[in-house]
Amino acid sequence: MSQRVTHPGTGTHASRRAAVAAAVVAVLTGVLAPSAAAAPAPGTADAPAEGTVAVHAMASTAQDESRVRAYWTPERIAALSTPLSNKPPYSAADGAPWKEGGAPTTTMGRLFFTDHGEDASCTATLVHGGNGGTVVTAAHCLNNTDLIGEHHQWQANALFVPGYRDGRAPLGTFVVRWAVLNSTWLKNDAINARFDAHDQAFAVVGRNARGQSLEEAAGAAQGIAFDVSGDRPAYQFGYPRAASDSARAGLPEYTGRALAYCHGAPLQYPGSKDHPEPAGQWGLPCVMGGGASGGPRLADLSPTTGRGTVVGVNTHAGHLTANGAECPDGGGSTCTRYLVGPQFTTALTKPLYDRAQSLR
């Protein structure tokens, strides 16, 4: 979808940002949004402004942490898993359950939060940091707009559950204490694709009920790197609550109950004529839908340990031809759905990472 994948659904960038926003505005105001002005050719959006590092206290006291843990009852968490189907298992490069064990089952997990009063979830990943509790995710998983692309708010009740599986928290739960993202994201109107380069963020979590840091509990962490070539073979992981492929909808790994992944050779997503993307939006053919946002894109994944290097995150999706051209409105049978997001850079990502790992 060139659409945020926090919530279930599969759309296109234009339908999410223009059609949906315009339709909601029309319902609320009784008027239609004005037509979009002429836009540059795909892939030629203005370079993103760098902005500054923005730090927000999510739950920075012991009382806050207790409140967040109390909020996420087993029943509330279970409500964020979609219904199971009786379809047979189905695995392919563009989507499969992760069954190999290793570091993905301890370093990756579901990030639960409340977005404008609605409970939701994303995916996040532990990366090695000086505080032992630095996780990377999408910016919209920590600060998001409403349905018409306005009134951005910080998420409430943010809780990270590494290794989540079928309602279980094998390593305990970790409350998000701090959110770190680029200040440019706080100007996001959810319609202008130029903000997509800034849809990356870090969360700093506290300790579990046993007093362990996240790295102590996990026993491992993923690496992180900047300015890595986007076309290198990669893996993408997530806890989606939907699948764009009807044959896989309702399987456990597409209901939020289990970790899913895709692998292959990434392509760069140029966006559309009306909504050109900034350079650096890379991703794989992948059927993961809502809930996969914030999941990692890893290079150099070890088949024995499951450790790799996080080089980007999942944020939205779009349809591409075999030669990498954008397909309007999904494009039909000649087009493939790609799950894409920003590739990490020294200019935008490293200052966020450096600040996050210095927080406690």
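This is a predicted model: local features need pLDDT of at least 70, side-chain atom pairs count only at pLDDT 80 or more; totals for chains, interfaces and linings use all residues.
Which cysteine forms a disulfide with cysteine 262? I will answer that in a moment.

The partner is cysteine 286, and the two sulfur atoms sit 2.0 Å apart. The torsion about this S-S bond is about 65°, so the disulfide is right-handed. Cysteine 262 has a relative accessibility of 0%, so it counts as buried. Cysteine 286 is buried as well, with a relative accessible area of 1%.

How many disulfides does the structure hold? There are 3. As a reminder, a disulfide is a covalent bond between the sulfur atoms of two cysteines.

Next, the pair of cysteine 122 and cysteine 141, where the sulfur atoms are 2.1 Å apart. Here the torsion is about -80°, so this disulfide is left-handed. Cysteine 122 lies in strand S4, residues 118-127. Cysteine 141 is found in the loop between strand S5 (134-137) and strand S6 (143-144). Parts of the chain 19 residues apart in sequence are therefore tied together by this pair. With 0% relative accessibility, cysteine 122 counts as buried. Cysteine 141, at 1%, counts as buried too.

That leaves cysteine 327 and cysteine 335, with 1.9 Å between their sulfur atoms. Their S-S torsion is about -90°, so this disulfide is left-handed. Both of these cysteines are buried.

What is the pairing when the bonded cysteines are numbered in sequence order? The pairing reads 1-2, 3-4, 5-6.

Now to the sheet. It is an open sheet of 4 strands, in the order S14-S15-S19-S18, and the pairing is antiparallel. Which strands stand at the edges? They are strand S14, residues 267-268, and strand S18, residues 316-320. Each has a single partner strand, so one side of each is left without a neighbour in the sheet.

For strand S14, the pairing with S15 is antiparallel and runs over 2 bridges. Within that pairing, glutamine 268 stands opposite tryptophan 282 in S15.

Notes: Residues are numbered from 1 along each chain as its sequence is written. Side-chain values use heavy atoms; hydrogens and water are left out. A disulfide is a pair of cysteine sulfur atoms within 2.5 Å. Buried means under 20% relative accessible area, exposed over 50%, partly exposed in between (1.4 Å probe, protein chains only). Two strands pair if DSSP finds at least two bridges between them.
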